[in-house]
Amino acid sequence: MTTFIHSADWQLGKPFARIADEEQRGRVQRERLEAVRRIGDLVRERKGTFVVVAGDLFDSATPKDATISHALAAIGSIGVPVYAIPGNHDHGGPDSLWERPFFRRQREAVAPNFHMLLERQPIERDDAVILPCPLLRRHEPDDPTTWLRRWEPAEGDERPRIVIAHGSTRVFGGAALGNSVDGEEAGQANAIDLGRLPLDKLDYIALGDWHGFLKVGEKAWYSGAHEIDRFPKNDQRPGHVAAVTVSRGALPVVEALPTGKLRWLRHEVTLGDDGPGVLNRILREATGSRYDDCLVELVLTGAVSLAERSRLDTLLDDWRAGLVRLDLDDSVRLTPSEEEMRALTERPDPIISRVAAELVARKDAGGEGAAVALAALRLLHGLCRAAADGGTSQPATGAAP
Amino acid sequence: MKLLDVTVRSYRIHKEVTVSFGDGVTVIAGPNESGKSTLVEAIHNALFLRSRATGEVAQSLRSAHHAGHPSVILGFTAGGKRWTIEKTFTGTSSGSTTLKEQGGRTRHNEEAEEEIHRLLQEEEVGGGRGIAERIRGRWAHLWVWQGTAGAPPGGQGPGEGSMEKLRERLGRLGSGSVLESATDGSVARQVLDLVAGSHTDKGRIKAGSELAWATEELEAARAGRAAAEAVLAALDEAVREVDAAERVLAEGTRSVAKIRGELVAAEQRREALTAVDLALGRERVAADSARRAHEELARADAEIRALDERIRAAEVVLSPAREELECAKAAEGAQRARLDAAVAGLGGLTARQREADARARLQALVEQAERQAVERAGLASRCDLILAHRRKAEEIRAQIRDLPAVKPADVETLVTLERAVDASDAEWRAIATRVELIASDVAVTLGDVTLAPGEAETITTGKEIVVGGHTRLRIVPGGGRSLAVGAQRLDAATEALAARLVALGVATIDEARRAAAKRTDLANDLRAETTTVEGLGDGKALAELSQLDEAIAGLDARIARAPLEGFIRAEGLEAALAARREADAEVERLAALLTSASTDFEIAQKLADGAVAEHARIVASIRSGQEQLADLRSRRQALVEKVGEERGGELAVRETARRQAEDRLAATQRQREALEPESLQRDQKRVQASLEQRQEAMRQADTRRQLALAACHAAGTSDPAEDRARGVAREAMAVANHARLERDAAAARLLADLFREKKQAVEDRFAEPLKARVGDYLQRLFGPGVKVSINLSGEGIGSVELTRTADGAVPFGFGSLSGGTREQVGASLRLALAEILAEDHDGCLPVVFDDAFVNADPERLLGLQRVLDLGAQRGLQVIVLTCDPAAYDTLGVKITEIRRPKQDG
């Protein structure tokens with residue numbers, strides 16, 4: 001009986017370029033390294049003898065030396081042997097980072113327990129036979145597990161046999177299942193056909209590429225990414241590793257253990273008569289006290305008045321400051337209320353009232369001028385309010401779309 | 001508010017003057033320097049200048065002529081009450097102000113000043129720098145100071161504070177609202193500030209603005225993303241390069257193995273070919289040898305046969321040749337004889353020709369000698385003539401030598417000297433006394449000389465005249481010393497003449513003249529002789545003669561030496577000429593004969609040569625035939641000795657052997673061709689080249705692979721994929737930010753435009769009441785066709801434009817009006833303004849025109865009076881100050897006159 005940890009898709013060095021704040025971006029990147037260290041804790045806790053990582057350790061095939069160095073330090077801290085294969089993000093081949101002299105030097109110095117498996121041939125351990133299916137090219141045209149169809153185990157070898165592979169899988173000839181988010185290639189090229197593997201000769205298939213924890217066969221699991229790296233689109237369970245106990249000829253025992261720390265939340269809120277206050281409630285409930293560990297994707301619809309728009313902007317600014325990331329899809333319509341329009345068009349100030357009336361007319365006329373007219377109306381509203389406040393506060397000139 | 005009366009004391013030129021003002025129009029007339037403007041200023045100061053004002057403004061009010069502090073007492077109505085202001089300006093803080101309210105209390109100084117301001121609804125003017133201008137600006141719209149009537153009314157529209165009042169009034173009259181609220185103004189300013197923050201006046205994005213920054217950032221982000229993508233593309237390219245190079249290497253390895261196989265096959269073919277070539281060499285030698293053996297025998301056989309044939313033919317040819325030989329011998333002898341005869345003939349003729357040539361030459365010499373003899377004779381006679389003339393010239397020269405050497409110039413000298421003698425004599429005689437005895441009975445003696453009657457005597461020294469014996473007279477010539485001098489000169493002249501004659505060898509002047517003439521004639525004769533001699537050739541002719549003699553002697557000697565026998569020299573030129581011609585003819589005749597003989601000789605020579613040659617040929621032919629026959633026979637003998645007479649069997653054996661060897665050779669050659677030796681070499685070359693190409697391609701691919709790999713691994717400090725992701729995100733943010741700022745800027749600009757537009761519209765509406773009133777006045781001036789447009793600005797009246805039907809309805813500005821019209825339009829505008837403002841002043845305000853219509857002609861003046869009259873009708877108090885009261889006669893008002901004040905002291 002052998003126990004090990006199965007992880008994948010660390011995608012270290014992922015830029016998270018859409019996080020504008022430098023500090024927060026660094027935090028999200030660091031958390032992925034911290035999560036690797038947490039795997040070491042789990043290994044010790046579960047008394048695992050090794051770790052397999054099913055591809056995409058790095059986000060790119062050309063990571064910075066610093067990224068490599070930090071990654072190797074984290075891997076070194078795990079303590080037990082770590083067996084990994086290159087995935088589509090950090091594929092092998094002569095041009096790969098694995099051939100980079102810096103990587104080789106650093107691995108030897110910092111993480112001698114790290115074994116990057118770049119050949120499709122068995123690795124013999126005392127407690128297991130590891131069958132790596134590395135992706136050796138950026139665009140691997142074939143199923144990387146094909147070699148296993150012809151593989152013959154040694155007669156009477158009772159060590160459990162563990163396959164490591166990366167790619168989408170065809171389940172019963174159906175549609176490919178794999179990581180196809182963020183517009184990356186759909187994984188069709190290197191799709192793994194589980195049905196054609198000699199499953200009776202194998203005991204566990206450790207898969208990478210799909211970012212959620214997922215069982216795709218009696219012996220096949222995706223562990224998912226160890227730390228979440230995107231807003232959830234469907235019923236995934238990211239932020240886990242698989243603790244696997246396996247014996248020759250028996251079905252594996254697989255348990256999902258949480259390793260992730262950051263929370264990636266997604267909310268769709270429609271603003272209406274209640275104004276922006278509802279949004280505040282929803283976010284407060286969702287994030288709790290640890291909003292500083294949260295990344296929120298917010299889809300806003302509905303309509304607000306001029307004054308509500310200002311309040312909404314302030315509210316969004318506040319949340320933007322507190323969250324690790326606020327990804328805003330703001331489709332809120334700006335609809336000045338009757339009172340607001342009257343307040344502008346029926347002012348005692350002869351010029352402002354006439355300008356406001358003209359803007360309202362243009363807004364109502366629609367067409368190209370309507371958007372500018374609406375923005376101008378909003379600006380005018382802000383200026384008038386500021387004037388009414390004694391000119392102490394500068395009006396918002398449009399902090400949001 | 002209405003002015004009632006004013007009294008001015010000790011104020012500049014005024015000692016004291018009082019003027020009352022009527023309700024409607026008041027005309028105050030006075031000549032220049034009568035103090036009209038000072039009076040107007042005094043009223044204005046009573047209203048607006050504090051009595052305790054110090055400094056230049058207050059000091060300037062003092063009178064230079066009148067004692068006491070300047071003071072003004074002004075009566076007026078305001079707020080329904082009657083008031084009197086009395087101000088005394090001391091130029092110090094001791095000035096005083098009192099304000100009396102009729103039927104009310106009297107206020108003093110500060111309180112009085114404040115109340116005055118309240119009544120006039122004007123702010124306190126303050127003090128300090130620029131006070132003069134500020135004071136003058138008060139009620140400037142009502143107060144036309146002298147010289148300002150033609151200025152555009154916009155520039156001096158309602159003064160400080162009055163514009164606001166005007167607006168208020170206009171607002172109340174028009175829409176019942178105000179022109180622009182404070183919030184309007186402040187918001188509009190903020191909008192303009194916003195626009196100015198992002199755009200320049202010309203609508204360009206302002207450098208350094210947030211929008212400019214966002215635009216730059218957008219461009220930078222786009223460039224950054226493109227750069228990141230380029231790096232990534234380069235990396236992709238490097239990866240593709242590695243893949244491609246590896247494919248080339250793999251394919252190359254396979255290909256090289258195949259090519260090597262082809263090379264081995266080719267090598268085997270080459271070895272087989274070498275073996276065949278060896279066999280071929282051997283067989284070629286064998287075949288050659290068999291062929292040579294056969295051919296050798298066959299050739300000898302054929303040769304013997306041919307020799308037999310030729311021997312027979314040679315024998316046939318040889319016999320007729322011997323007969324031919326005899327004939328040729330005879331022909332040769334005949335031709336030789338003929339040739340000898342021709343040679344002899346030719347020799348004789350040649351000798352004769354030589355002799356004839358010599359004779360002809362000799363005759364030519366004779367002829368030449370004769371010609372020269374003739375020429376000598378001519379020359380000799382000329383030489384005689386020359387000698388004769390020479391002698392003659394010599395004779396003339398001798399004659400010239402015998403003559404006295406007198407030249408014409410000498411004659412001239414002598415004549416001059418003679419004249420000098422004559423002159424001296426005459427002079428002397430003139431001084432001397434002449435004594436002439438005319439008649440006497442007694443003897444008369446002069447000195448030693450007795451004078452006869454009719455005889456005269458000249459005396460030069462004192463002499464005694466004795467008449468008879470008793471009478472003795474002494475006569476002494478006058479002239480004193482002159483007489484002696486004259487005598488000396490005469491002597492000297494006479495001596496000079498004589499000396500000259502002696503020198504020339506002549507006795508008299510006449511003789512000298514004759515000698516000179518003779519000398520001249522002889523010289524002419526000598527010149528004639530000399531010319532003749534020269535004309536005859538003189539010395540040259542003599543030299544020629546001697547040369548000719550020498551030549552003739554030389555020719556004679558040559559003729560005498562001639563060795564010709566029987567030669568008789570012809571005498572005379574004629575004979576010599578004939579003899580030479582004869583000799584020449586002989587030479588020609590002989591030359592013709594010689595030519596003919598030469599031809600004969602050449603023919604004979606040729607015939608002889610031909611005969612000799614024919615003879616020689618036949619001899620040679622016979623000899624050759626014999627030699628050939630001998631040769632043929634010996635050669636046949638040699639061949640027969642070599643191969644024997646019987647050869648048929650051996651020939652057949654050798655032919656068979658030859659055929660067999662040749663067949664074997666042909667078979668081996670076919671075998672060689674089957675191995676395709678040419679293509680083998682080509683194939684080997686081709687395969688070798690292909691191998692090299694492949695290997696080179698692999699080397700290159702390997703280099704490319706290494707380079708591409710180096711490029712792949714060059715990363716380290718940055719991750720191109722990450723850079724691209726960041727570039728994309730940065731661009732997206734920049735696009736969004738830029739769009740937001742652009743939209744905000746557009747919104748701000750839209751607001752700014754609308755503010756401008758609406759403000760203009762409101763102002764246009766506000767100007768309506770003013771327009772209507774100005775229009776009323778202008779109609780009085782220009783008739784009903786006139787229209788006016790007035791633009792109010794924040795500071796005052798922005799612009800005024802008129803449209804007159806008479807001018808084709810083209811609007812024109814105030815500035816384009818003539819001076820007179822400007823004054824009138826200005827007056828209309830002021831009256832209209834006053835009318836509107838008067839509503840806060842009990843419906844009345846004073847409007848003062850100080851000499852304001854200096855450019856008005858009589859016709860205009862009439863219109864102007866209508867305008868002023870309308871103002872008065874509408875309740876205004878119109879005060880006109882003029883130095884031309886007659887112009888306002890028809891206004892129907894009382895004209896108050898002030899006189900030029902008398903000055904104290």
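1. A residue counts as buried if 20 or more other C-beta atoms, placed from the backbone, lie within 10 Å of its own, as exposed if 12 or fewer do, and as partly exposed in between. Helices (H or I, at least four residues) and strands (E, at least two) are DSSP runs, numbered from the N terminus. The model is predicted: local features need pLDDT of at least 70, side-chain atom pairs count only at pLDDT 80 or more, and totals for chains, interfaces and linings use all residues. Residues are numbered from 1 along each chain as its sequence is written, while chains are lettered from A and ligands numbered from 1 in the order in which they are written.

2. Look at helix H6 of chain B, residues 182–198. In H6(B) the buried residues are Asp184(B), Val187(B), Ala188(B), Gln190(B), Val191(B), Leu194(B), Val195(B) and Ser198(B). They lie on the same side of H6(B) because they cover an arc (of the directions from the helix axis to the C-beta atoms) of only 160°. Ala182(B), Arg189(B) and Asp193(B) are exposed, on the face turned away from the buried side.

3. What do the buried residues of H6(B) pack against? They meet helices H8 (350–365) and H9 (368–388) of chain A, plus H7 (210–402) and H15 (720–782) of chain B. Contact means C-beta atoms, placed from the backbone, within 7 Å.

4. The contact between the chains takes 39 residues from chain A and 44 residues from chain B. On the chain A side, H9(A) gives the largest share, nine residues.

5. Chain A has nine helices and 19 strands. Of its 401 residues, 48% are buried.

Conventions. Contact = placed C-beta atoms within 7 Å.
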